[in-house]
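My entries follow in the order of the look-ups.

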Amino acid sequence: MNALLRLRNALLQLFYPHVCAGCGTDVLPAAGELCLLCLNELPVTGFEGHPDNPVEKIFAGRLKLEAASAQYYFIKHTPLQFILHQFKYRGNQQLGLQLGMLLGNALQRAQRFQTVDLIVPMPLYRARMRKRGYNQAALLCEGIAAVLGKPVCTDLVYRNASTETQTTKSRIERWANMQGKFSLGHPAIAENRHLLLVDDVVTTGATLEACGSVLLEIPGVRLSVVTLCFASS
């Protein structure tokens with residue numbers, strides 16, 4: 001029986017190889033998408049334990065937050081950029097869940113995020129959601145929720161219009177591009193609760209600011225923000 005099991009696993013690896021999403025090696029945990037070497041080399045920020053960190057400074061005077069953080073520094077032309085691409089555009093949803101759990105572990109160790117009640121993913125416009133097939137922020141939320149034991153709310157806020165890509169825009173253009181693009185869905189479920197708004201990357205914070213401002217219209221809401229990556233503008 002053991003010989004047959006080993007043969008089955010070998011055939012599966014041959015035709016459906018399980019390789020690291022960062023470096024491509026096949027030496028990795030059976031239940032993970034990243035090898036130990038790539039995990040150890042991810043550029044962790046440690047922001048979650050420090051008030052007035054660079055992510056919080058982005059929103060100072062712009063958005064009233066309880067806390068804000070990002071798990072990794074985003075650096076171009078590194079394995080992390082490839083990992084993010086695999087998760088966001090290549091359909092590796094298991095990778096998104098694993099990254100969300102890593103993010104959740106960091107938040108669990110930080111006192112500032114202990115009072116979170118609901119986890120809210122940054123919504124995608126419905127046309128982009130249909131094209132991609134999933135919301136990468138919602139996958140991160142599922143991973144975070146698996147660690148923190150808090151519910152994910154996917155219908156609290158939605159995008160009411162598509163937006164142009166933000167990558168080539170200035171800070172002011174990004175802010176203008178996002179104004180009026182978010183609306184509340186079922187706000188009553190979030191009244192008097194601490195929300196954790198989650199996205200994959202923060203650069204200028206324009207998208208998170210626009211969405212967060214709408215969430216803060218809900219009576220009694222307190223808001224925190226966390227992203228997987230921090231990219232300096």
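**Entry 1: Overall figures**

I noted that 46% of the 233 residues of the protein count as buried, where buried means under 20% relative accessible area, exposed over 50% and partly exposed in between, with a 1.4 Å probe and protein chains only. The model is predicted, so I kept its limits in mind: local features need pLDDT of at least 70, side-chain atom pairs count only at pLDDT 80 or more, and totals for chains, interfaces and linings use all residues. Residues are numbered from 1 along each chain as its sequence is written, and side-chain values use heavy atoms, with hydrogens and water left out.

I recorded 9 helices and 6 strands; these are DSSP runs, numbered from the N terminus, with at least four residues (H or I) for a helix and at least two (E) for a strand. For contacts (heavy atoms within 4.5 Å), I found that 74% of those between residues at least 6 apart in sequence join residues at least 24 apart.

**Entry 2: Helix H4**

I listed the buried residues of helix H4 (residues 79-89) as Leu 80, Ile 83, Leu 84, Gln 86, Phe 87 and Lys 88. They pack against strands E1 (68-73), E5 (194-202) and E6 (222-230), and against helices H5 (93-108), H6 (126-132) and H7 (136-148). After H4 comes Gly 91, with a positive phi near 80°.

**Entry 3: Strand E6**

I found 8 of the 9 residues of E6 buried. Strands pair if DSSP finds at least two bridges between them. E1 and E6 run parallel and are joined by 5 bridges; Tyr 72 has Cys 229 in E6 as its bridge partner. E5 and E6 also run parallel, with 8 bridges, and Val 202 is the bridge partner of Phe 230 in E6.

**Entry 4: Aromatic pairs**

Which ring pairs did a search of the whole structure find? It gave 3 aromatic pairs, counting rings of Phe, Tyr and Trp (its six-membered ring) with centres within 6.5 Å; planes under 30 degrees apart are stacked, over 60 edge-to-face and the rest tilted. Phe 47 and Tyr 73 form an edge-to-face pair, 5.5 Å centre to centre with 85° between the planes. Phe 47 sits in the loop between helix H2 (36-41) and helix H3 (54-59), and Tyr 73 in strand E1, 26 residues apart. Phe 47 is buried at 6% relative accessible area, whereas Tyr 73 is partly exposed at 33%.

The rings of Phe 47 and Phe 230 have centres 5.8 Å apart and planes at 75°, so this pair is edge-to-face. Phe 230 lies in strand E6, so the pair ties together parts 183 residues apart in sequence.
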